[in-house]
Amino acid sequence: RWRRASKDYMRWIGLVAEARDRAARLLGAAAADVAFTGNTSCGLSLVAAGLDWKPGDRVAVTWPDFPSVRFPFDNLARRGVTVVEIPKHDGVVDMEAAARLIPGCRLAVASTVDWMTGAALDCAAFVGLCRQAGALSCLDAIQSLGALPFDASALGVDFVAAGCHKWQLGPMGLGIFYVSPAAAPVLATVLAGWRSMRDEERLGETFCLKDG
């Protein structure tokens, strides 16, 4: 940009699309279901901000964990939302406790790998518990994505957030965010700009969000 200003703009747009395709393959998802964010916290905050919470709703989070797993949902206290702690022991999620605590919650959030111990979550079992309980599932995958195989579609997980500066070997200040096709209708768009529109390059005056 310093040398050429916007002369490479259309090439840059193509590179963004290529990067999205690669991110989607890494996640085991379709490109239309993947967005770029600033970091993991941003993706988790999009979930927290985008769901239609009601006073009395509960969110289950694995704890102790990296603070970003919890804080976007603690921030919902002003809306009457309560955080329920799913205990971890030496980084390992207590799945028996999870089976007791997730029912009655609208959403359950966990890290794929514990940030302190390296203990890996049984993601399929966790998402399965959510599905049985009728709760949405959300995974913070920053500690594993790029190092361990991951398939969001096969897991049936609703939301995945991951910053890119760890095993993805990407820069700071970049993250990827996945929303399943099943969960997309219940997640409102909380950030919108000109590139959010279907006719983005026409710079139209009609508010018409893209699909995905």
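Analyst: Happy to. A crossing of two helices is right-handed if the near helix is turned clockwise from the far one by less than a right angle, and left-handed if anticlockwise. Helices here are DSSP runs of H or I with at least four residues, strands are E runs of at least two, and both are numbered from the N terminus.

This is a predicted model, in which local features need pLDDT of at least 70 and side-chain atom pairs count only at pLDDT 80 or more, while totals for chains, interfaces and linings use all residues. Residues are numbered from 1 along each chain as its sequence is written, and side-chain values use heavy atoms, with hydrogens and water left out.

Let us start with the helix pair. Helix H2 (residues 40-50) and helix H3 (residues 67-74) have axes that come within 9 Å and cross at roughly 30 degrees. The axes are lines fitted to C-alpha atoms, for helices over the stretch in contact, with angles from 0 to 180 degrees between N-to-C directions. The crossing of H2 past H3 is right-handed. On the H2 side, the contact (heavy atoms within 4.5 Å) is made by Ser41, Leu44, Ser45, Val47 and Ala48, and these meet Ser68, Val69, Pro72 and Phe73 of H3. Sorted by class, this contact has six nonpolar, three polar and no charged residues. In that scheme Ala, Val, Leu, Ile, Met, Phe, Trp, Tyr, Cys and Pro are nonpolar, Asp, Glu, Lys and Arg are charged, and the others, Gly among them, are polar.

Leading up to H3 is the loop from strand S2, and Pro64 is found in it. Trp63 and Pro64 are joined by a cis peptide bond, with omega about 5 degrees.

Now for the interior. A nonpolar core is a set of buried Ala, Val, Leu, Ile, Met, Phe, Trp, Tyr and Cys residues joined through side-chain atoms within 4.5 Å. Buried means under 20% relative accessible area, exposed over 50%, and partly exposed in between, using a 1.4 Å probe and protein chains only. The largest such core has 33 residues, and Leu27, Ile102, Phe126, Leu139, Phe150, Val157 and Ile176 have the most contacts inside it. At least two residues each come from helix H1 (9-27), strand S3 (82-89), strand S5 (107-111), helix H5 (123-133), helix H6, strand S7 (159-163) and strand S8 (175-179). H5 gives the largest share, five residues. There is also a second, separate core of 23 residues, which includes Leu51, Val83, Phe177 and Val179.

After H5 comes Gly134, with a positive phi near 75 degrees.

Asp122 lies 30 residues from Val92 in sequence, with 9.5 Å between their C-alpha atoms. Val92 belongs to strand S4 and is also partly exposed, at 47%. Setting aside residues within four places in sequence, Val92 touches Pro87 and Ala119. In the loop between S3 and strand S4 (92-93) you will find Asp90. Asp90 is exposed, with 70% relative accessibility, and has a positive phi near 55 degrees although it is not a glycine.

Finally, follow the chain to the loop between strand S6 (136-140) and helix H6 (152-155), where Leu148 lies. Ser144 is placed in the loop between S6 and H6 too. Ser144 is buried, at 4% relative accessibility, whereas Leu148 is partly exposed, at 45%. Apart from residues up to four places away in sequence, Ser144 touches Thr112, Val113 and Trp167. Leu148 is 18 residues from Lys166 in sequence, and their C-alpha atoms are 12 Å apart.
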